[in-house]
Amino acid sequence: NSDDEDVFFDPEADLMQNKITHRHSKELNKRIQEHLSLIDRSGNEDSGWDIIAEDGEMKLYRKELVINGLICDPLKAVHSVGSVTAKEMCHYFWVPEVRKDWEKTEVFQVLENLDEFTTINYQTHKQVWPAAQRDCLYLSSMVKVDSPPCAGDKTPHDTWIVCNFSVDHPEVNSVPGCVRALIEVALICQTFITPPKDGGPITRDCLQCDIVYVANVNPGGWAPASVLRSIYKREYPKFLNFYTNYVQEKRKDLEILF
Ligand code: 6CM
């Protein structure tokens with residue numbers, strides 16, 4: 001597809017600091033713009049999203065969606081955690097080196113580096129009986145957003161996004177028996193800073209990181225609907241709590257990364 005070869009640069013639409021130039025640039029840029037429209041959390045309750053789990057600051061929303069008999073419910077979570085920055089939150093979600101610290105994938109491989117902040121990954125997820133095991137093959141990119149859409153009355157110090165979506169790759173060595181799940185996931189993070197009243201230096205106590213996480217997963221083949229929905233309802237909050245605690249712990253004695 002010749003479109004894929006284009007170097008995408010549109011000064012009007014280019015919100016990103018990184019000038020994205022690889023074969024999936026155009027698609028990546030488009031998806032990032034779409035995800036960014038979700039930063040505004042004001043309308044969550046009345047725009048077709050049902051809240052399905054809540055734990056402190058963390059809220060998980062769902063829209064029921066069935067495509068060809070497969071449960072493809074879009075999920076969206078909002079969260080807010082202290083003591084870390086948006087860049088730190090996105091960094092550990094994106095870097096391959098720490099994946100096994102917070103995600104229980106069985107196989108995890110980086111097939112290609114498209115640029116310094118973009119990889120194509122293959123991974124397998126634990127099998128859940130009686131469904132077949134799932135794998136996924138996706139592009140993952142971490143990008144700083146320079147002019148995010150306005151959300152609420154607070155102005156963020158900075159905005160970062162990790163955008164993951166399914167792609168093909170000629171060199172994938174799929175694990176036999178796995179069914180390919182199609183994913184579109186984004187982690188959008190914004191840092192808010194409350195400077196100390198005495199004019200002292202910014203410490204971790206001054207930091208708040210607002211998070212929007214979205215996941216559109218098509219299981220790719222048969223999976224029992226009720227089991228899948230109850231797994232999602234349990235596992236996404238578990239992931240968000242575990243992952244955000246992980247980043248807080250990881251950074252607590254380290255310098256602040258903006
Ligand atoms: O976003 C998360 N992880 C990312 C990095 O790996 C990435 C992966 C998303 C995977 C989504 C799950 C794919 C498989 C789902 C199909 C399950 C079918 C089983 C049948 C059961 C009856 O974006 C964290 C993902 C956290 C998930 C809880």
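Biologist: In which strand is the place of Y213?

Modeller: This is a predicted model, in which local features need pLDDT of at least 70 and side-chain atom pairs count only at pLDDT 80 or more, whereas totals for chains, interfaces and linings use all residues. Residues are numbered from 1 along each chain as its sequence is written. With strands (E, at least two residues) and helices (H or I, at least four) taken as DSSP runs numbered from the N terminus, Y213 falls in the run of residues 207-218, strand β12.

Biologist: Is Y213 buried or exposed?

Modeller: A residue is buried if 20 or more other C-beta atoms, placed from the backbone, lie within 10 Å of its own, exposed if 12 or fewer do, and partly exposed in between. Y213 has 24 C-beta neighbours inside 10 Å and therefore counts as buried.

Biologist: With which residues is Y213 in contact, leaving aside its neighbours within four places in sequence?

Modeller: Contact requires the C-beta atoms of two residues, placed from the backbone, to lie within 7 Å. With those sequence neighbours set aside, the partners of Y213 are A77, L187 and L240.

Biologist: How many residues of helix α3 are buried?

Modeller: Helix α3 comprises residues 86-94. A86, E88, M89, C90, H91, F93 and W94 are buried, and these pack against β8, β9, β11, β12 and α5. Helix α3 is thus mostly covered, the buried number among its 9 residues being 7.

Biologist: At what angle do α3 and α5 pack?

Modeller: The axes of α3 and α5 (residues 225-251) are 10 Å apart. The contact is made by E88, M89 and Y92 of α3 with Y246, V247, K250 and R251 of α5. The two helices are roughly perpendicular to each other, the class for angles of 65 to 115 degrees. Their packing angle is about 110°.

Biologist: In which sense do β1 and β2 pair?

Modeller: Pairing requires at least two DSSP bridges between the strands. Here β1 and β2 (residues 58-62) are joined over 5 bridges, and E54 stands opposite K59 in β2. The sense of the pairing is antiparallel.

Biologist: Which residue takes a positive phi in the hairpin of β1 and β2?

Modeller: The hairpin has 2 residues between its strands. The residue with a positive phi, near 60°, is G56.

Notes:
Axes are lines fitted to C-alpha atoms, for helices over the stretch in contact, and angles run from 0 to 180 degrees between N-to-C directions. Angles under 35 degrees count as roughly parallel, over 145 as roughly antiparallel, 65 to 115 as roughly perpendicular and the rest as oblique.
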